[in-house]
Amino acid sequence: LLIANAPRWKSSVLIPTSDLTLETLARHRNYLAEHYQFRVPPWPTVRLLLRKDDTYRIASRCGIEIPVNYGPIGVPGAPLPEVQFPVVIKPNDSFRFERRFGKKLFVAGSQEEFDSQLGLVREESIDGEILELIPGPDSLGFNYTAYYDSAQRVVAGFPLRKIRKSPPFFGIGRVIETLNDSEIAARLAAATTAFVREAGWY
């Protein structure tokens, strides 16, 4: 679509609003930059934020608190890892997973659910991670949304608290408010900035 309309949409500004559009702009960055205006890092950098195994490793190196990782999803016939329920089966390629299963991830609360869901994902040869599920209401979800320049300096930052998500529990914030808790806001900003600098994001 973007290539076909490049002559007509010349110099338009592109703003990625999903993992898929971010990946598209990053993978085809050099060609698309000849026709459009956008600010997206190269694919090797973007990949670090989209692939959950890479994201997990970077967060771990930065000392950011993270859920228990029970290991990769694995392949058909591979032994099942020992886990403590509930767990999340989180794909590395969220777009492909969502297209196949109609959701971004699986949650298993029992051994039976885990065996069934893991079998489905393995049959599709979708890679990903098996993670501890940390339960809590949508209203205990926090974000630090910021713009980092090419020197990885914070140009503007916005700490927020989610009130409701869409879809509930695992979705994006559809109702949010400014976070007025300075201690949590500072921790969010520090963790996000450390992660961004380790990943090379801007």
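The buried residues of helix 3 pack against helix 1 (19-27), helix 4 (52-61) and helix 7 (182-199). Let me say what I mean by those words. Helices here are DSSP runs of H or I with at least four residues, strands are runs of E with at least two, and both are numbered from the N terminus. Buried means under 20% relative accessible area, exposed means over 50%, and partly exposed is in between, using a 1.4 Å probe and protein chains only.

A word on where this comes from: we are looking at a predicted model, in which local features need pLDDT of at least 70, side-chain atom pairs count only at pLDDT 80 or more, and totals for chains, interfaces and linings use all residues. Residues are numbered from 1 along each chain as its sequence is written, and side-chain values use heavy atoms, with hydrogens and water left out.

Back to helix 3, then. Which of its residues are buried? In this helix, residues 43-50, they are Trp43, Thr45, Val46 and Leu50. Looking down the axis of helix 3, these buried residues fall within an arc of 160°, so they line one face of the helix. The arc is taken from the directions that run from the helix axis to the C-beta atoms.

Now take one of those neighbours. The axes of helix 3 and helix 4 come within 5 Å and cross at roughly 85°. That makes helix 3 roughly perpendicular to helix 4. On the helix 3 side the contact is made by Arg47, Leu48, Leu49 and Leu50, and on the helix 4 side by Lys52, Asp54, Thr55 and Ile58. By type, the residues of this contact are four nonpolar, one polar and three charged. Some terms for that picture: contact means heavy atoms within 4.5 Å. Axes are lines fitted to C-alpha atoms, for helices over the stretch in contact, with angles from 0 to 180 degrees between N-to-C directions. Angles under 35 degrees count as roughly parallel, over 145 as roughly antiparallel, 65 to 115 as roughly perpendicular, and the rest as oblique. Ala, Val, Leu, Ile, Met, Phe, Trp, Tyr, Cys and Pro count as nonpolar, Asp, Glu, Lys and Arg as charged, and the others, Gly among them, as polar.

Is histidine 35 buried or exposed? With a relative accessibility of 18%, histidine 35 counts as buried. Apart from neighbours within four places in sequence, histidine 35 is in contact with Ala6, Trp9, Lys10, Ser11 and Ser12.

An open sheet is formed by four strands in the order 1-4-2-3, with antiparallel pairing. Strand 1 (69-72) and strand 3 (106-108) stand at the edges with a single partner strand each, so one side of each has no neighbour in the sheet. From one strand to the next, the twist averages 20°. Two strands pair if DSSP finds at least two bridges between them. Strand 2 (residues 87-91) and strand 3 have three, in the antiparallel sense, and valine 87 has alanine 108 of strand 3 as its bridge partner. Across strand 2, strand 3 and strand 4 (128-132) lies helix 6 (residues 111-123), running at about 150° to strand 3. On the way into strand 2, phenylalanine 85 and proline 86 are joined by a cis peptide bond, with omega about 5°, and proline 86 sits in the loop between strand 1 and strand 2.

There is another open sheet, of three strands in the order 5-6-7, again with antiparallel pairing. Here strand 5 (141-148) and strand 7 are at the edges, each with a single partner strand, so one side of each is left without a neighbour in the sheet. The twist averages 45° from one strand to the next. Helix 7 packs on this sheet, touching strand 5 and strand 6, and its direction makes about 50° with that of strand 5. Strand 6 (residues 154-166) and strand 7 (residues 172-178) pair over six bridges, one of them linking serine 166 with isoleucine 172. A cis peptide bond joins serine 166 to proline 167, with omega about -5°. In the hairpin, with five residues between the strands, phenylalanine 169 takes a positive phi near 80°.

Finally, the whole protein. How many helices and strands does the protein have? Seven helices and seven strands. Of its 202 residues, 34% are buried.
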